Amino acid sequence: MASFMYKRSKRTRNAAAIVLAAVLCLTGYKGYISWQKTDLYAKGVELQAAGNELEAQQAYSKAQQIRIIDYKETETAAALASLNPAAALKSWFTSLSTDLKAAENVNDITLLLKTYNTYQTKASEIAALDEASQKRFAEMSASEQMEERFNNAFAYAKQLLVKSLESDISKKTFNGDNNIAYLLQLPAAYYKDENTKKLELNKLLERYDQARLDTSSKTKSIGEVLKEVAGIRKFYDTNHVEAAWLQPKLESYAQATLSKLEKNDLKGFIAAALLFQTSSELGGPSSKINTYIQTTIRKQFERAEQLATTQKFADAVALYKVLNEYKDTNKEVSELDQRWLEADPQQLLRKAAGTELTFTNVISNKGQAGAKLTAVGVLDNKTLVLARLLADQKIEMSRTAIDQGITVKSIQWSDQIGKKKEISSLLIEAASKTRKVRYLAYEVNTPELFKVLDVEADKIDYDPTGAIIMDNPTGDGAGQKAVYEYRNGRYAFVKTMADTKLGGAPLDIPLTEMISHKNEKIRFQGTITSVDDNHAMIQLNNGYVLLTGNVRFKKGPTTITGIYTGSEEVKKTPAPVTEYRVTVLELAP
């Protein structure tokens with residue numbers, strides 16, 4: 001029993017000792033915690049008083065977290081409340097520093113610019129607050145080395161961007177708009193100032209644009225170059241860059257391009273000019289390029305008129321049609337067509353026949369039967385064509401086929417063939433295998449041409465009665481002078497004339513009595529004053545004697561044997577004169 005009681009007493013004593021030890025430990029811990037809290041509070045007060053708000057905020061926060069004892073709880077809460085802006089600012093700087101580091105690590109210029117702008121915005125906000133807030137911001141910025149880090153980051157970014165653009169210039173591959181945009185966004189502070197930044201970047205961008213325009217002008221069409229320049233200008237406008245160099249460089253390109261085309265490619269010049277005139281970059285109607293274009297076009301219009309004046313109508317029309325691409329020339333071409341028709345028988349014939357082929361043996365006559373121009377020609381040696389340009393600019397045409405194998409030597413108008421009409425008949429002289437000439441005559445009765453004569457002979461003469469005298473024709477009258485009369489719309493053989501050289505003797509008369517012996521064989525003396533092939537002239541006081549015949553005329557005194565065929569009044573200036581016609585049979589000295 002005693003032993004049991006002893007053991008029980010011992011256990012009680014041990015338990016009491018343990019409890020006492022626990023109480024002593026708890027008391028010691030509480031004392032330490034109490035000291036720590038009071039110390040933290042005291043440090044917070046001291047730091048806050050010294051202006052070290054971030055450290056003060058940390059000390060107060062640690063003190064507040066000790067909940068075992070209460071000590072200055074109200075004062076601590078008030079201090080933390082006053083120090084909350086510093087805590088928020090610290091958090092903001094931590095986040096900003098993280099973004100800046102990320103931008104630095106991968107050279108992310110977009111993030112760098114965003115971080116910088118965020119920093120500058122915050123700095124502006126703080127600058128509007130009290131001195132304590134400004135001091136707090138400056139301290140934290142210095143703590144994070146923000147200015148130095150931004151300076152280093154932007155310097156490196158600028159170096160990379162400039163290097164990239166220089167590489168584009170060297171390689172002639174121009175995809176640097178993004179890099180240019182980044183350079184333009186770099187803060188002016190990192191260029192010393194705004195003016196230095198502008199001068200430095202303008203110098204680089206002018207070199208860049210010159211290089212890419214030089215390359216584009218060699219590899220791209222005019223339209224593509226202009227589109228590219230418009231894109232560059234839009235880019236610069238968006239980024240607030242004046243780019244005063246862009247217009248002069250485009251003007252130089254336009255001038256060089258147009259000057260080259262002007263020399264040998266007017267169509268190309270006009271196409272290029274129209275494109276350049278659509279470019280707002282070239283300055284509009286008063287620009288140098290537009291003035292140059294207008295001057296060049298005006299000179300081409302003057303050249304077209306010069307060509308027309310010298311009757312190079314085809315060249316003038318062709319030039320006007322090219323100029324029509326720039327300016328409507330339908331009026332000029334229409335007027336020129338009329339001038340061409342009035343001046344060029346070939347053109348009138350081509351227009352009438354609807355062909356571009358060339359006519360041969362062309363003759364023409366102005367004012368005949370009221371027409372501005374009447375033209376006759378042979379097309380492809382197969383068709384005789386007569387065209388008349390009427391007063392109302394309409395064209396009237398007559399045509400007839402020519403016998404196959406005929407070789408036309410000449411065509412002439414003749415008022416002595418056929419019936420008297422407003423439009424003269426046509427006498428064609430063609431090659432003959434058996435005689436000197438094949439004579440074909442056509443009477444004009446628009447829109448028809450009627451063949452009234454087709455005889456091969458050595459010569460043709462006209463009798464005052466209207467008959468035609470053929471010398472040595474084929475068929476009837478061969479070897480003699482044959483008389484053909486106009487009957488039923490054609491000339492037909494009617495008789496032969498006795499050869500006057502073998503017939504009766506001529507009647508010797510003085511020249512003054514010639515008019516009394518019409519259609520008689522006479523002989524007289526006279527002085528030939530002029531000779532023209534198979535025609536000769538004896539000058540009289542009241543006119544002249546026209547001598548014709550198959551003899552060799554020469555100037556001077558001579559004795560003439562021939563037939564007086566009649567006379568006709570001829571209009572001369574200042575007064576009409578009389579023409580006496582003699583068919584000469586023989587001349588004697």
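Two residues are said to be in contact when heavy atoms of the two lie within 4.5 Å. The structure described here is a predicted model. The protein averages a pLDDT of 86, and 89% of the residues score at least 70. Its secondary structure comes to 15 helices and 19 strands. Of the 589 residues in the protein, 41% are buried. Among contacts between residues at least 6 apart in sequence, 47% join residues at least 24 apart.

Gly 377 belongs to strand S2, which covers residues 373–379. Beyond its neighbours within four places in sequence, Gly 377 is in contact with Leu 349, Phe 359, Thr 360, Asn 361, Val 362, Thr 383, Leu 384 and Val 385. Because its relative accessibility is 0%, Gly 377 counts as buried.

The nonpolar residues were examined next. The largest nonpolar core has 79 residues, of which Phe 150, Tyr 236, Leu 258, Phe 269 and Phe 276 touch the most other members. For Phe 269, with neighbours within four places in sequence left aside, the residues in contact are Leu 258, Leu 261, Glu 262, Tyr 292, Ile 293, Thr 296 and Ile 297. Another core, of 18 residues, lies apart from the largest one and includes Val 378, Ile 406, Leu 426 and Val 444. In soluble globular proteins, nonpolar side chains tend to be buried together.

Helix packing is illustrated by helix H7 (residues 177–185) and helix H8 (residues 194–219). Two packed helices are described by the angle between their axes and the distance between the axes. The axes of H7 and H8 come within 11 Å and cross at roughly 170 degrees. Since angles over 145 degrees count as roughly antiparallel, H7 is therefore roughly antiparallel to H8. On the side of H7, the contact is made by Asp 177, Ile 180, Leu 183, Leu 184 and Gln 185, and on the side of H8 by Lys 197, Leu 201, Leu 204, Leu 205, Tyr 208 and Arg 212. Within H7, the buried residues are Asn 179, Ile 180, Ala 181, Leu 183 and Leu 184. These buried residues pack against helix H6 (146–171), H8 and helix H9 (222–238).

An open sheet is formed by 4 strands in the order S9-S10-S11-S12, with antiparallel pairing. Strand S9 (459–462) and strand S12 (490–497) are its edge strands, each of which pairs on one side only. On average, and with direction ignored, neighbouring strands of this sheet are turned by 30 degrees against each other. Strands of a sheet pair through backbone hydrogen bonds, either parallel or antiparallel. S9 is joined by 4 bridges to strand S10 (residues 468–471), and the two run antiparallel. Here Tyr 462 has Ile 468 of S10 as its bridge partner. Arg 487 stands opposite Arg 490 in S12. The hairpin of S11 and S12 has 2 residues between the strands, and in this hairpin Asn 488 takes a positive phi near 55 degrees.

One stretch calls for caution. Over residues 499–503, pLDDT stays under 50, and the model has 5 contacts beyond four places in sequence for this segment. Where pLDDT is low, the predicted coordinates should not be read in detail.

Terms used. Residues are numbered from 1 along each chain as its sequence is written. This is a predicted model: local features need pLDDT of at least 70, side-chain atom pairs count only at pLDDT 80 or more; totals for chains, interfaces and linings use all residues. Side-chain values use heavy atoms; hydrogens and water are left out. A nonpolar core is a set of buried Ala, Val, Leu, Ile, Met, Phe, Trp, Tyr and Cys residues joined through side-chain atoms within 4.5 Å. Buried means under 20% relative accessible area, exposed over 50%, partly exposed in between (1.4 Å probe, protein chains only). Two strands pair if DSSP finds at least two bridges between them. Axes are lines fitted to C-alpha atoms, for helices over the stretch in contact, and angles run from 0 to 180 degrees between N-to-C directions. pLDDT is the predictor's confidence in each residue, from 0 to 100. Angles under 35 degrees count as roughly parallel, over 145 as roughly antiparallel, 65 to 115 as roughly perpendicular and the rest as oblique.
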